[in-house]
Amino acid sequence: MLSEVLLVSAPGKVILHGEHAVVHGKVALAAALNLRTFLRLQPHSNGKVCLNLPNIGVKQAWDVARLQLQDTSFLEQGDATAPTAEQVGRLKEVAGFPEDSTNPEHLAVLAFLYLYLSICRKQRWTVEDLELINKWAFQGERVIHGNPSGVDNAVSSWGGVLRFQQGRIASLKRPPALKILLTNTKVPHSTKALVANVRSRLLKFPEIVTPLLASINAISLECERMLGEMAATPALEHYLVLEELIDMNQHHLNALGVGHASLDQLCQVTMAHGLHSKLTGAGGGGCGITLLRPDLEQPEVEATKQALTDCGFDCWETSIGAPGISVHSAASLDAPVRQALVGL
């Protein structure tokens, strides 16, 4: 029963401002998204450890006794450490995956095994320690992405809105909860290729692209200042400034070459309803965010969502600045979430 299990959730993440510029040492603002991933931990007496990731079609089980017999000396002792290529290779042997496997489902399983085998070897690990959770989440990111920025795991662990620059991460104090639409254009993209293209454009046109990156940095700083003002006394004028910043940043990102026709369509559809949107993340398709002002009537929001859905996009109404990793009682969960967890 749900009352016998531990229920934990972590928020998603969006980049407010600073995409691509952050790669070149500029400021980026990332926010916790109130669309959450739920984890259900349930003890069993069948001698197995089971992993079920229904959203990506992964369901595997291992005998605990066999895992304990594995030579895990290749996993470093001590604090959270980055997995090496050799360690990932050994984990593939444990999981029974081909040596050259790189598909996302297999990488998710490898991240789980790395964390499970490493953490279970520690005698004093405490789940309440957010800093430790963040460190281990970063190692899971390394298994999947190789050289992640640390933003994703930090936002999911700490929540709120974070300022990120050259590896330094700081939380904004009392950020306002902003309502947004998150829209998935369903256009696949390669973050690695898009980042490389921006770097190539910078090398080819340094006198053009360098000012663009500096301007994106200034947009991030102005957004940070505006969010600070809104923490005290939010006003409609603040939202109008945020809308201007969104428009300017989107044009800058198009100039960097990371736009896409689907994102242009998203911006045009929302603009027709008086709303302002930009890409979030790498661009080239993917997702965009739309700011919802507090003076909007719900029928207008619903009409915008329907228009985006009619374009073939997926659209969610949510908010940013959400809490970080959280522990829940079953009774506190919405009925659809509770029902989905019972069905696992």
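## Terms and model

Buried here means under 20% relative accessible area and exposed means over 50%, with partly exposed in between (1.4 Å probe, protein chains only). Asp 63, for instance, is partly exposed, with a relative accessible area of 30%.

This is a predicted model, in which local features need pLDDT of at least 70 and side-chain atom pairs count only at pLDDT 80 or more, while totals for chains, interfaces and linings use all residues. Residues are numbered from 1 along each chain as its sequence is written, and side-chain values use heavy atoms, leaving out hydrogens and water.

## The protein as a whole

Let's start with the overall picture. The protein has eleven helices and eleven strands; helices (H or I, at least four residues) and strands (E, at least two) are DSSP runs, numbered from the N terminus. Of its 344 residues, 43% count as buried. Contact means heavy atoms within 4.5 Å, and among contacts with a separation of 6 or more, residues 24 or more positions apart account for 71%.

The protein exposes about 17,800 Å², and carbon and sulfur atoms supply 54% of that area. Accessible areas come from the Shrake-Rupley method with a 1.4 Å probe; for residues, only the protein chains shown count as cover.

## The largest nonpolar core

A nonpolar core is a set of buried Ala, Val, Leu, Ile, Met, Phe, Trp, Tyr and Cys residues joined through side-chain atoms within 4.5 Å. The largest one has 23 residues, and those with the most contacts inside it are Val 14, Leu 16, Leu 178, Leu 227, Met 230, Leu 242 and Ile 320. Two or more residues each come from S1, strand S2 (28–41), S7, helix H7 (206–232), helix H8 (236–255) and S9. H7 gives the largest share, five residues.

Helix H7 also holds Ala 214, which counts as partly exposed at 36% relative accessibility. The C-alpha atoms of Ala 214 and Val 27 are separated by 9.5 Å, although the two are 187 residues apart along the chain.

## Enclosed elements

Helix H5 (residues 151–158) is largely enclosed by the rest of the structure, because six of its eight residues are buried. Those residues are Val 151, Asn 153, Ala 154, Val 155, Ser 156 and Ser 157. Gly 159 follows H5 and has a positive phi, near 75°.

Strand S8 (residues 276–280) is mostly covered too, with five of its five residues buried. S8 pairs with strand S9 (residues 287–291) in the antiparallel sense over five bridges; two strands pair if DSSP finds at least two bridges between them. Thr 280 stands opposite Cys 287 in S9. Six residues lie between the strands of this hairpin, where Gly 281 takes a positive phi near 100°.

Cys 287 also turns up among the neighbours of Thr 183, a residue of strand S7 (residues 178–184). Thr 183 is buried at 0% relative accessibility. Not counting residues up to four places away in sequence, Thr 183 touches Leu 266, Gly 286, Cys 287, Gly 288, Leu 308, Phe 313, Asp 314 and Cys 315.

## Loops on either side of S7

Arg 174 is found in the loop between strand S6 (168–171) and S7. Arg 174 has a positive phi of about 50° although it is not a glycine, and counts as exposed at 62% relative accessibility. In the loop between S7 and helix H6 (191–204) lies Lys 186, another non-glycine residue with a positive phi, of about 70°.

## Salt bridges

A salt bridge is a side-chain nitrogen of Lys or Arg within 4 Å of a carboxyl oxygen of Asp or Glu, and by this rule the count comes to twelve. Asp 63 and Lys 48 meet in one of them (2.7 Å, N to O). Asp 63 lies in strand S4 (residues 58–63) and Lys 48 in strand S3 (residues 48–53), so the pair ties together parts that are 15 residues apart in sequence. Lys 48 is partly exposed, with a relative accessible area of 37%.

Glu 222, Arg 225 and Glu 229 are linked in a network of salt bridges.
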